[in-house]
Each structure stands twice: as structure tokens, then as C-alpha cells.
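Hi there,

Here is the structure I promised to pass on. Have a look at it first, and then read my notes below.

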Amino acid sequence: MSLNNELIKKFSNDITKDSKLSNLSWFSLGGPAEFLFKAKNKNQLIEFLKFNKIHKHKITILGAGSNTLIRDRGVRGVVIKLVSDFAKISLIDKDTIEVGAATLDRKISNFAKDNGIGGLEFLSCIPGSIGGGVIMNSGCYNNDISKVLKSLKVVDIHECKEKEIKREDIKFFYRGTNLTNQFIITSVKLKGKIQSKESIEKLQNDMIHKKKLSQPSQIKTCGSTFKNLSNSKKAWELIKETGCDKFKEGDAIISQKHCNFFVNNGKAKSADIEKLINKVKQTVNDKTGISLELELRIIGE
Ligand SMILES: Cc1cc2nc3c(=O)[nH]c(=O)nc-3n(C[C@H](O)[C@H](O)[C@H](O)COP(=O)(O)OP(=O)(O)OC[C@H]3O[C@@H](n4cnc5c(N)ncnc54)[C@H](O)[C@@H]3O)c2cc1C
């Protein structure tokens, strides 16, 4: 039996070959994964990683796919998506919750509200999972993950062991951290402040309302394409002022409501989105001398 067949046999219910990925990205784009492994719990994940030491397949982690463009020819190696046990939420102290890495940010925000924990309202505006949220240090309205994270648990893909990392041992930047991709985040502890449910709900609704006014919804997008740079205009302002907001490539277009949001308008290919990204980056650079930096993650070939 070939190693690959052995891999499929061993994890038969949870691993698939040539598996469609486009339904796992908010762009609804991208080719297949050579293997897609849906890990149900920590022990199974560790068992898989130990087995993969023989195969040495390249590993790529996908969260909710709300910040990831998957290229048209797909992803070689194994794409791991955390499911089941990784979406559990529990209250571990009156102001602290522990969540599996695959838990959606919106659910966490609602759970915190139901338990009278404030400070996590902003998570109701971010469509990803908390694992992706930590890696991206996601945030809005003067909040981000770094301000509410207490600690996290990761599985090291080389050591195949789980360990805890404290907040103070992680460096957070604007939309990023120093965590390397040798770590798969398995769970996260978040600490808020005890507050009344009414005040939490009001703030949450205000934020959701503000987002609806400023950002498009019901479209195939991964949110902001470029980071906002310090000491410079916002990325969307640079895109608009240089006239790039009118650019398109095939069915890849730019939202007129928020021109840092690039959109698959129906029949785009990932290559069209990437061409549009490069064209905008080049034009902004030519006209302003500013080099825009990607917030979006691009994976695959
Ligand atoms: C409409 C819309 C609005 C948005 N608004 C905002 C906003 O206001 N603020 C903001 O910051 N972002 C925003 N985003 C971007 C996106 O939602 C965030 O970056 C989000 O946190 C990404 O989470 P995800 O689970 O979808 O990550 P993915 O896109 O799946 O992955 C992002 C990165 O995290 C890694 N990753 C994911 N899970 C794990 C894990 N368990 N362990 C290790 N690595 C992991 C991936 O490998 C990848 O490198 C928006 C996106 C959309 C579509």
C-alpha cells in the first residue's frame, strides 16, 4: 500500500483527496487541496501529525477562510481544518472564557454577552474563527485580539505536542503576530470585564450597525485586501485617490462602498483577484511612492 493510501485508510472518515476548497473561502474561489483533513479533536490532530512525520506533507491551516485567497490550481500537501471539539466554548471564570480555535468570533461575542462579559463586542463584526483572529490580530473600533487574549494552546507540528503560550510571550503587531506556522492554535482563553448584558448588547448592536453602514455585505470578499499603514492615509483612501477603485480584471472588481474590499463578482478566477491586487499595488506605488502591504493571505499554486 502506498503511503498516501495508508494515510487515507487510517483517517478514512476525516481525510479526502483532491478535495474542493472553494466553498471554504469567502471569495468562493480556488482549486482543490491534495488532501483535506478535518480534525475533530486534539488527540486525532496529534495522531495525524505524528503519522505525517513519515509523509512529510506540507501542512496548511485554514480557519473560516474569511481572510484567505486560494489560488486556482489548489494547495499541495494537507490542508487542515479544525471542526467538532474545536468549536466548543466554556466559561472558566466570571470574566474569562476558553474557546476552541475553530469557534466563530460572532459566537464568542454572543456567549460573552450572555454571560455578562464585556470587551468582546468587536468580535461580532469579524466573520472569522478565533484561530484566524489570533494569527491576524484581528480587530476593529480600537480593539483587537491582543487586548483580550489571556493565553492560547497550540500543537507544534514538529514536536506533535500541545503547549500553552501566555499573552506576554507573544508579540502582536497591527494585523499580525510573531507566531510561526509551526503552531496550530487549538484553543484560546479570552478575558473581558464584568458588565451588564444591556450595555454589552447596546455596544455590540452599535458596532454591527456602524459596520453595515461602512462595509458591503452579501458579497464574495475577504474584507480588507491591504493593511492600513502607519504615518500614511488609509489603504482605501490611497486606492480611491489614485483612481484604482475603478479597476477590474475579468469578474474581479473593487467594492464601491469600501474600496479596500476586492470582490469576486460571480465568475472571477483567483488569478483575476491577484492580478487586480498587483495592478492596484503598482499604481499606488507609481503615483504616491507608497508600497501597500497585503492583509489578505494567499495560499496555493
Ligand atoms: C466582510 C468581512 C469583514 C471583515 N472585517 C474585518 C475587520 O473588521 N477586522 C479584521 O481584522 N478583519 C476583518 N476581516 C478579515 C477576517 O475576517 C479576519 O482576518 C479573520 O480573523 C480571519 O479569520 P479566519 O478564521 O477566517 O482565518 P483564515 O482566513 O482561515 O486564515 C487566516 C490566517 O490564519 C491562519 N489560521 C487560521 N486558523 C488557525 C489556527 N487554528 N492555527 C494556526 N493558524 C490559523 C491561517 O493559516 C491563515 O494564515 C473581514 C473579512 C470579511 C470577509
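This is a predicted model: local features need pLDDT of at least 70, side-chain atom pairs count only at pLDDT 80 or more; totals for chains, interfaces and linings use all residues.

I began with strand 7, residues 96-100, where five of the five residues are buried. Thr96, Glu98 and Gly100 point to one side of the strand, while Ile97 and Val99 point to the other. On one flank of the pairing, strand 6 (residues 89-93) runs antiparallel to strand 7 over four bridges, and Ile89 sits opposite Val99. The link between strand 6 and strand 7 is a hairpin of two residues. Strand 7 also pairs with strand 15 (residues 183-191), again in the antiparallel sense, over five bridges. There, Thr96 has Lys191 as its bridge partner.

Helix 4 gives the largest share, five residues. The shell holds 34 residues, of which Ile61, Ser66, Ser129, Ser138 and Lys211 come nearest to the ligand. By type, the shell divides into 16 nonpolar, 15 polar and three charged residues.

Ligand oxygen atoms lie 2.7 Å from a polar backbone atom of Gly63 and 2.7 Å from a side-chain N or O atom of Thr68. A nitrogen atom of the ligand is 2.9 Å from a backbone N or O atom of Ile185. The protein covers 92% of the 980 Å² of accessible area that the ligand has on its own.

Best wishes

Definitions and conventions
Residues are numbered from 1 along each chain as its sequence is written. Side-chain values use heavy atoms; hydrogens and water are left out. Buried means under 20% relative accessible area, exposed over 50%, partly exposed in between (1.4 Å probe, protein chains only). Two strands pair if DSSP finds at least two bridges between them. A residue is near a molecule or strand if one of its heavy atoms lies within 4 Å of it. A polar contact is a pair of N or O atoms within 3.5 Å; within protein, one must be able to donate a hydrogen and the other to accept it, and residues adjacent in sequence count only if both atoms are side-chain atoms. Accessible areas come from the Shrake-Rupley method with a 1.4 Å probe; for residues, only the protein chains shown count as cover. Ala, Val, Leu, Ile, Met, Phe, Trp, Tyr, Cys and Pro count as nonpolar, Asp, Glu, Lys and Arg as charged, and the others, Gly among them, as polar.
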